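Q: I am new to this structure and would like a close look at one part of it. Could you walk me through the open sheet, what packs on it, and how that part sits with the rest?

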Amino acid sequence: MTKDSLIRTLRDGFGPALTVSEGATPKRLVLDIDRTAFRAAALKLRAAGGRYMVGVGSDERDRRGAFGMIHLFAFDKDGFTVALRTSAPAETPEFDSIAPEIPAAGWTEREYMDLLGFTFKGNPKPKKLILADDWPAGIHPLRKEVPYNLVPPSAEDVAYELDEAPEGTTTVPIGPFHPSLHEPAHFAVYVDGETIKGCDYRGFMTHRGIEKLCQTQVSYNEVPFVAERICGICGSVHAAAYSQSVEEAAGIKIARRAEFIRTIMLEIERLHSHLLWLGVAGHLIGYDTIFMQSWRVREPIMWLSERLTGNRKTYGMIVIGGVRRDITPALREDILGVLKKVETEVGGLKDAVLKDTSIHRRTKGVGFIPREEAEAWSLLGPVARGRGVDIDVRRDHPYAAYDELSFDVPVMDSGDVWGTLVVRLLEIFESIKIVRQALDKMPSDGPLLTEVADVLPAYRHGLSMVEAPRGESVHYLITGPENRPERWRVRAPTYTNLQGVPRMLLDNQLADFPIIVGSIDPCFSCTDRVLVVDGRARSRRVFARSEIEALGRGRRKP
Amino acid sequence: MLAKLARKAFPKSLWLYHCNSGACNGCDIEILNVLTPYYDVERFGIKLVGSPRHADVMLLSGAVTRPTFPLVKRAFEAMPGPKLVFGVGSCALGGGCWFDTYNVSGGGATAVPVDYYIPGCPPRPEAIVYGVALALGLVDKKAAPVELKQVEFPIDAQLRNRAWEERNVIYKLLRD
């Protein structure tokens, strides 16, 4: 649906309750709507073909006495985004939940229940998501009166109440530290025999309060470096997305050469990330040869990035207004040499992986989701493309220098882990192609860094999407008066993809759990919270540690 | 002395347990990287294991966040003695750039006693291999201990100049 016809449909539906305004660029549409029609409008946007990206909640009580809430939708075919904005009075921050119809919005709503104290009427699972289990009720860290370093006293024996297990199932706790998870996260998997019948997730254990930190402590120019440390694997993506959102909000146009260098850095990062994933996926299905081989192929790329940027990872290349280092003719030859070597070696690896029957048997039909459901869960990146959803931010909403480059977007319709594996392998070759093109088309000289005004205009909105190796990263920024963002919302692709994992796990084998979770490329090692399920009485609870110790010690004594 | 003790306490293969207490994956992928063909720590008999109960050494990466604080403690308690803890990366050293935010308890030392620190954001695989080898007494220490003092705000010009001079002295010391 084009922008004009969308506006017409919405005007017909909502009349005076709706105010339409243009965003920072023609590709951004901003709709202000009354709180009562907020849910209806969001559902209408979804029905019109909008892909739910994320919601942004903000505390604007100091400047207009209200809380703000924005739902973001992307219309990928037509290349524009819609920000549906509303506000609620400071005393009653209540909104209608859209999660029953748009499942991808579930976490957004739960996040703001925790961080801003919003109420979403009708949310199917109004439980804690982000804050620790022992975090006291009534303290919402993103509210302005709460200092960034407030640490309420911890409480013992407070445990997360897991979802009710489906009838006749046994609960298998996986995590927080588990060999198949490289990061702390807790999954409670409900199994009937070996078949998974459901799953509850308790994660956000690596929540470090970055958004609050950057909104209260640092200035615009320091945030890119904090943003790179959101994720050690795709750091550049976050620095690029943040910088672009500031540039969009403040209307800064950066030099073309800088845009090309950004593109090259993002693609080099994708190369290392995809090879990393391939290795980890091999490791997760017990095929360590792939792990060793693909990490061996990957290592020259790490050395290359060290020569390009000064660090193997966490490059620190991308800042507001451009990039910090140039790609000199000598470095250009260096990149081409490494790419040639990597291309040959990945070619061999690709044949070995795609023709291996044991990999076929471990991945084909595993973690299957039909295309419609993949769209409903707003799956992103290779996870969606492996399920027939043809989306790629680089092509649909071009940023940096992608509008000048031609590349294919590999799509598989097998709908399973195999699909995502093939998509990622093929993307390695596309990335190599993109870097070569970018080196060819790059203007031979020009400034790297555009000078930015000392004071950026306050309360402007900026949105930017960047295709990370795992999917689309969204950054939403509201500029502030004190030389720092007033509100900076980061949504990494795993945030959305992980919400779809319980659906992917359904009716699969428990032994396939590591590769299904691994297929979305998240990270996780073994102090388990002990879970007791009494199958007959249908009662189940999480035992606190002291109780278990008492039980254990009690039994040992005669 | 500690190196000698370590050599006595761990005469055979060293088994590592990798504990991510809230890292950004940067350090974690470098830890995994030391297992791969270019760095291959298995030649020193070093191996990653899945459970703290099998491990001699805990590699702790990341700032200890509020939810993982009790969990890291329990993982450490589960390890049989004698045991060592390595803090890998800036966040495990002192909490990193978010050392004092609402959901972070601080560096690794707030939860468990850290014996060796491997600095870097993220530390290079060579640095991790060197750190473990140093602990085992396989290599000698390359730098002498230096004490640094942070200059308080507001910065006094004289103090700052003196700090710069002192820093140069330190660099000279390191070179010698």
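A: The open sheet of chain A is built from five strands, placed in the order 1-2-5-4-3, and their pairing is mixed. Please keep in mind as we go that this is a predicted model. At the edges of the sheet stand strand 1 (18–22) and strand 3 of chain A; each has a single partner strand, so one side of each is left without a neighbour in the sheet. On average, and ignoring direction, neighbouring strands of the sheet are turned by 20° against each other.

Strand 3 of chain A runs antiparallel to strand 4 (residues 66–75) of chain A, and nine bridges join the two.

Helix 2 (residues 38–47) of chain A lies across strand 2, strand 3, strand 4 and strand 5 of chain A. Against strand 5 of chain A, helix 2 of chain A runs at about 170°.

According to the domain assignment, chain A has domain 1 (3–147) and domain 2 (210–528). Taken over C-alpha atoms, the centres of these two domains of chain A are 26 Å apart. Where they meet, domain 1 of chain A contributes 21 residues and domain 2 of chain A contributes 21 residues. On the side of domain 1 of chain A that touches domain 2 of chain A, at least two residues each come from strand 3 (51–60), strand 5 (80–89) and helix 4 (106–115) of chain A. Strand 3 of chain A, our edge strand, gives the most to that side, with six residues. Sorted by class, that side of domain 1 of chain A has twelve nonpolar, five polar and four charged residues.

Helix 7 (residues 235–250) and helix 8 (residues 256–284) of chain A pack at an angle of about 150°, and their axes are 9 Å apart. These two helices of chain A are therefore roughly antiparallel to each other, and their crossing is left-handed. In this contact, Ser236(A), Val237(A) and Ala240(A) of helix 7 of chain A meet Arg262(A), Met265(A), Leu266(A) and Glu269(A) of helix 8 of chain A. By class, the residues of this contact are four nonpolar, one polar and two charged.

Helix 8 of chain A also packs with helix 9 (residues 288–309) of chain A, at an angle of about 160° and with the axes 7 Å apart. That makes helix 8 of chain A roughly antiparallel to helix 9 of chain A, and here again the crossing is left-handed. Among the residues that meet are Leu271(A) and Leu275(A) from helix 8 of chain A, and Phe291(A) and Trp295(A) from helix 9 of chain A. The contact of helix 8 with helix 9 of chain A has twelve nonpolar, six polar and two charged residues.

Conventions:
Residues numbered from 1 in each chain as written. Chains lettered and ligands numbered in written order. Predicted model: local features only at pLDDT ≥ 70, side-chain atom pairs only at ≥ 80, totals over all residues. Domains from an automatic or database assignment. Contact = placed C-beta atoms within 7 Å. Helix = DSSP H or I, 4+ residues; strand = E, 2+ residues; numbered from the N terminus. Nonpolar A, V, L, I, M, F, W, Y, C, P; charged D, E, K, R; others polar. Axes fitted to C-alpha atoms, helices over the stretch in contact; angles between N-to-C directions. Parallel < 35°, antiparallel > 145°, perpendicular 65-115°, else oblique. Left-handed = near helix turned anticlockwise from the far one by under 90°. Pairing = 2+ DSSP bridges.
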